[in-house]
Amino acid sequence: MSKVQTVPTTASDPTVAAAAAQFLSPVVLGLQALTVNGKQAHWHVRGANFVGVHELLDTIVAHAGDFADTAAERIVALGLPIDARVSAVAAKAGATSVPAGFTQSDELVRAVIADIDAILVDVKAAIDGLDEVDLTSQDVAIEVMRGLEKDRWFLVSHIAA
Ligand SMILES: [Fe+2]
């Protein structure tokens, strides 16, 4: 007779999984919002440095999608779901600083920086909150912070003296 072994969904402790979901979910939702609002900015930028800002915004959108995927899959790897439907994203992320319609590049750059700064608040909370709980999930948050701060630098450099 063959012996069938039960395989647990996750190797992780349930409290660890819950903490990872608690702290990484807001990060995922904010990043998903950035993928949408960043495209809005990409399509409507006008004025100085058009090509550079237009292309940079696409790069930032791509990075945001990658960061969201990494954070979401950390939660799922620990056995928990995440609600990242558009309705959930809208409820969490709230209003973007990106205006509707064609906008001058310096105003759009400032708006996307403001959106990134709002996400960074949640990322910092995740780094702090996961510190004593799960270093692997904290590492995801640190990776997101490092990437977002680099993208923020690229944006700031367009408007800094
Ligand atoms: Fe495009």
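1. What covers the buried residues of helix α4 includes α1 (14-44), β1 (45-46), α2 (50-77), β2 (103-104) and α5. Those buried residues are Ser105, Leu108, Val109, Val112, Asp115, Ile116, Ile119, Asp122, Val123 and Ala126. Buried means that 20 or more other C-beta atoms, placed from the backbone, lie within 10 Å of the residue's own; exposed means 12 or fewer, and partly exposed is in between.

2. This is a predicted model: local features need pLDDT of at least 70, side-chain atom pairs count only at pLDDT 80 or more, and totals for chains, interfaces and linings use all residues. Residues are numbered from 1 along each chain as its sequence is written.

3. Helix α4 has 25 residues and reaches 36 Å from its first C-alpha to its last, close to the 36 Å expected at 1.5 Å a residue.

4. Helices α4 (residues 105-129) and α5 (residues 135-159) pack at an angle of about 160 degrees, their axes 9 Å apart. The two are therefore roughly antiparallel to each other (an angle over 145 degrees).

5. The α4 side of this contact (C-beta atoms within 7 Å) includes Asp106, Val109, Arg110 and Ile113, and the α5 side includes Gln138, Ala141, Arg152 and Val156. By class, the contact has 17 nonpolar, 2 polar and 4 charged residues. Ala, Val, Leu, Ile, Met, Phe, Trp, Tyr, Cys and Pro count as nonpolar, Asp, Glu, Lys and Arg as charged, and the others, Gly among them, as polar.

6. Valine 156 lies in helix α5. Valine 156 is partly exposed, with 13 other C-beta atoms within 10 Å. Valine 156 and arginine 110 are 46 residues apart in sequence and 7.8 Å apart in space, C-alpha to C-alpha.

Key:
Axes are lines fitted to C-alpha atoms, for helices over the stretch in contact, and angles run from 0 to 180 degrees between N-to-C directions. Helices (H or I, at least four residues) and strands (E, at least two) are DSSP runs, numbered from the N terminus. Angles under 35 degrees count as roughly parallel, over 145 as roughly antiparallel, 65 to 115 as roughly perpendicular and the rest as oblique. Two residues are in contact if their C-beta atoms, placed from the backbone, lie within 7 Å. The expected span of a helix is 1.5 Å times one less than its number of residues.
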